[in-house]
Amino acid sequence: MEDKVKPIKRHKAIQGFSREHHFGLLVSWKIRQGLKKGVDLKRIKRFADWSFKTYIKPHFDGEEKFMFPLLDDDDKLKKRAIAEHRRLERLFNDKTDINRALNLIEEELDAHIRFEERNLFNRIQEIANEEQLRQIEEFHKEIKETEEWKDKFWE
Ligand SMILES: [Fe+2]
Ligand SMILES: [Fe+2]
C-alpha cells in the first residue's frame, strides 16, 4: 500500500482517532483495488456498507461529539470537515449509481482523512486543554477491536 499517512507528533489522546484513520485509508484502498480488478460491484458495496456502519460512521460521530466542538462554528476547517462527513454519508447511502458512488467514496474518503491528519487534528491539538483531551481519550477506551471482513476481493 503506497503513501500512508505519517504518524506526526500526535497527542496520545488523539491517537485513537488516528488509528481509525489508518483503517479508513485501508477501506479506501480496498475499494480502489476492487474497482481496478473489475470485481462485482455488489461485493464491493457490501464491504463498503459494512465498513461504514461498523467503523466509519461511529468515527464521524466521535469526531463530531468530542473533537469538532472544540472549534468555533465559523472555523473553516470545522465547516469543511462537517460538510465532508455529510457528503460521504450520502455517498455511502447512495443506491442509484453504485459505480459512481464507490469511485467517489474511494477518492473522497482518502482525501478527507488526509485533510484531518494534516490540518484539522493539528489545530485541535493546539487548542484543546487537558480536560478536553482526557474526554477524547476516554471515548476511545470503548472502541472494540477490528473485525475482519471475510470476502477479501482486494487480494
Ligand atoms: Fe472526519
Ligand atoms: Fe476522521
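**Briefing: aromatic cluster and iron site**

Phe23, Phe47, Trp50, Tyr55, Trp149, Phe153 and Trp154 form one aromatic cluster. This is a predicted model, in which local features need pLDDT of at least 70 and side-chain atom pairs count only at pLDDT 80 or more, while totals for chains, interfaces and linings use all residues. Residues are numbered from 1 along each chain as its sequence is written, chains are lettered from A and ligands numbered from 1 in the order in which they are written, and side-chain values use heavy atoms, with hydrogens and water left out.

**Iron site**

- Glu63 (OE), His85 (NE2), His112 (NE2) and Glu116 (OE) coordinate the iron ion (ligand 1) at 2.0 to 2.2 Å. Donors are N, O and S atoms within 2.8 Å of the metal (3.2 Å for Na, K and Ca); water is not among the atoms, so sites may look incomplete.
- The angles among the 4 donor atoms run from 85 to 177 degrees, and the site is irregular.
- Glu63 coordinates both the iron ion (ligand 1) and the iron ion (ligand 2), which are 3.1 Å apart.
- Along the chain, the donors of the iron ion (ligand 1) follow the spacing E-x21-H-x26-H-x3-E.
- His85 in helix H3 (residues 76–93) and His112 in helix H4 (residues 98–127) are 27 residues apart, and the pair links distant parts of the chain. Helices (H or I, at least four residues) are DSSP runs, numbered from the N terminus.
- Both His85 and His112 are buried, that is, under 20% relative accessible area, where exposed is over 50% and partly exposed lies in between (1.4 Å probe, protein chains only).

**Aromatic contacts**

- The whole structure holds 13 aromatic pairs. Rings of Phe, Tyr and Trp (its six-membered ring) pair if their centres lie within 6.5 Å; planes under 30 degrees apart count as stacked, over 60 as edge-to-face and the rest as tilted.
- Phe52 and Phe92 are stacked, at 4.5 Å centre to centre with 20 degrees between the planes. Phe52 lies in helix H2 (residues 41–67) and Phe92 in helix H3, so this pair ties together parts 40 residues apart in sequence. Both Phe52 and Phe92 are buried.
- Phe153 and Trp154 form an edge-to-face pair because their planes stand at 80 degrees, with ring centres 5.0 Å apart. Both of these residues, Phe153 and Trp154, are buried.

Terms used: Tetrahedral: all angles 85-135°; square planar, octahedral: opposite > 155°, others 65-115°. Helix = DSSP H or I, 4+ residues; strand = E, 2+ residues; numbered from the N terminus.
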